[in-house]
Amino acid sequence: MLDPNAVTAAIALNQSISAKGIHLVALPDTALALLVREMPTNTINAGETDYAAASQILVDLSRGEAHAEVLHRVRSLSSDSVRRTLSFARNTVMPHVYRVVEEYTKVMDENKNVPMPFDIERYFRHDAVKTNVARDFLERWENAPAVTPANNLNLGQYEPAEILDLVKISDDGDYNEQIAELLNADGGKGLNDLIQVLKGTLDITALDNNYQLAAAVLLHAISTKPKAGVAMTLSAYTAGVNSMANYAAKNALKSRNRLENERTTQTLYHGILRNDVKVISVVGEVYNDLLEKGFTVDMLFGNELLGRKYHGAELLLPENMKHMQSTYEFDRVTRQEAHNLDRQRMSRKAILDVLRNDQKAVAESGEFPVADDSADRSWQRLKGFIDSITSNNAWHFYEPSTLIAATICAVWYAHCDAHRIIDNMFELEKTHKGTPPSELSTLASLKYITEWTAAQIGVGKFSEGSVNELIGLQA
Amino acid sequence: MTPTELNNLPIIATAVQLISEIALDVIGNDAAAEIGGEKITQSSVKVLATASLNKILTEKTQYA
């Protein structure tokens with residue numbers, strides 16, 4: 001039987017559609033047509049009937065067993081079919097789509113931030129270099145003539161513990177502790193580099209400046225005490241080791257003096273300006289001091305973009321700080337725009353990559369959702385779908401996730417209606433921001449059921465005269 | 001009531017009933033199925049069905 005509440009709910013919609021002269025038809029051979037057929041309206045005189053009366057007549061007409069039986073059968077068959085589609089969409093298609101969307105999001109998240117224009121490298125004098133014993137040791141070499149250091153000399157195999165013992169200077173506890181800490185840092189990189197220098201596999205000139213002090217002390221300590229098995233005369237050994245010690249000490253001294261000079265003259269930059277600079281080397285102590293006084297990283301970048309226009313006390317003058325800041329801001333906005341364009345390009349590539357990877361993964365697993373499918377056929381479908389997107393229909397894919405969902409449905413699930421539920425989900429997600437996914441799923445299901453029912457209704461525009469004729473009434 | 005209204009009424013009313021009954025059958029039994037934080041009922045599903053049908057039929061009739 002027709003539910004009187006359904007008739008009541010239908011009245012406003014019926015009035016608005018009918019007012020436009022729209023004539024509805026239950027399409028032949030549909031569930032809707034079977035039910036409507038049980039309520040023939042050709043015996044009702046429209047002009048003499050109001051809605052209340054018409055509703056009552058329709059309800060009465062549908063009281064028969066035939067209507068009840070058709071309704072029961074239609075409801076049962078339709079519910080089962082819709083339930084199967086919903087279940088397939090929720091349990092198979094949606095997880096597949098979300099897996100690929102997640103891959104895409106991961107790629108895009110990795111490239112979300114605008115890259116910084118420069119890296120900053122801070123140079124500090126190590127505490128060991130600042131000690132009195134280190135200064136005394138290095139100054140002994142200040143006036144010694146420079147010599148070319150020997151290279152590739154195999155001075156024997158040394159163990160880390162031996163190195164730590166040999167780099168000590170007298171009984172100065174502070175220095176000994178600090179030099180050991182420096183050599184042990186970064187997984188013992190300093191110790192390892194020194195062992196390589198002694199074996200002749202790392203040239204002393206290629207040794208990091210941080211370790212040159214330790215190398216000088218070490219080489220000086222072993223200059224008169226060759227290890228057993230060293231294949232050279234004592235004089236050749238001593239001359240070679242001394243030349244290396246001389247180089248290391250002079251280098252350590254030069255490096256220390258430069259940092260000391262930069263610090264006392266409040267020189268911010270360690271090293272000279274180059275056009276292709278990607279790393280700004282700063283004197284750590286000076287830079288930290290400036291930061292405490294209101295200088296910022298943005299200003300450092302701004303000054304670099306200005307070709308290091310400001311130095312020393314100029315860096316803290318308010319108008320200069322403003323100039324550096326605005327220069328950086330302008331550059332940042334420009335880079336942001338370029339980055340956005342890059343991301344658009346990257347987004348297109350990422351979408352294609354994740355879809356291609358998905359197609360490959362499914363093909364390799366051999367578990368095709370479509371019967372008798374193959375890697376080649378699924379690839380052709382993917383290619384065909386992507387190729388079918390033109391500027392005329394691309395508007396439909398307003399978001400990457402929509403495009404991914406549509407493609408996956410077209411490639412793997414075109415044989416069922418699941419794509420319509422997925423489309424609904426994505427569309428509702430856009431218009432119902434903040435709605436929980438379970439509710440979106442319910443709304444999407446309802447929309448799918450409505451679409452399924454509405455597909456059984458044909459629409460046409462007729463004059464009242466032709467309608468009367470159509471439904472068997474006299475005009 | 002016009003002949004068009006009379007012709008359309010059983011179609012729309014039956015469609016609303018069909019949508020409501022299938023929706024109740026399919027999603028009404030789902031314990032998690034809620035709209036606006038409320039469990040779906042016979043009357044709420046009819047309101048939703050009518051609104052949803054209205055939207056779809058309006059789109060369909062736009063080009064009729």
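The predictor assigns the complex an ipTM of 0.91 and a pTM of 0.56. Chain B has a mean pLDDT of 82, with 89% of its residues at 70 or more. Within chain B, helix α1 (residues 3-26) has the highest confidence, at 90, while strand β1 (residues 34-35) has the lowest, at a mean of 70. Where pLDDT is low, the predicted coordinates should not be read in detail.

Beyond its neighbours within four places in sequence, T450(A) contacts I19(B), A49(B), S52(B), L53(B) and I56(B). T450(A) counts as buried because its relative accessibility is 0%, under the 20% cut-off.

Charged side chains come next. Side chains of opposite charge can pair when their charged atoms come close. Over all chains, the structure holds 24 salt bridges. One of them joins R83(A) to D80(A), with the closest N and O atoms 3.0 Å apart. These two residues are 3 residues apart in helix α4 (residues 65-110) of chain A, so about one helical turn separates R83(A) from D80(A). R83(A) is partly exposed, at 33%, and D80(A) is partly exposed too, at 34%.

In helix α4 of chain A, K106(A) and E103(A) are also 3 residues apart, and their side chains form a salt bridge of 3.5 Å, N to O. In helix α13 (residues 318-365) of chain A, D353(A) and K349(A) are 4 residues apart; their salt bridge has its closest N and O atoms 2.7 Å apart. Here K349(A) is exposed, at 53%, whereas D353(A) is partly exposed, at 33%.

Finally, a network of salt bridges links D417(A), R420(A), E427(A), K447(A) and E451(A).

Notes
Residues are numbered from 1 along each chain as its sequence is written. Chains are lettered from A and ligands numbered from 1 in the order in which they are written. This is a predicted model: local features need pLDDT of at least 70, side-chain atom pairs count only at pLDDT 80 or more; totals for chains, interfaces and linings use all residues. Side-chain values use heavy atoms; hydrogens and water are left out. pLDDT is the predictor's confidence in each residue, from 0 to 100. Buried means under 20% relative accessible area, exposed over 50%, partly exposed in between (1.4 Å probe, protein chains only). Contact means heavy atoms within 4.5 Å. A salt bridge is a side-chain nitrogen of Lys or Arg within 4 Å of a carboxyl oxygen of Asp or Glu.
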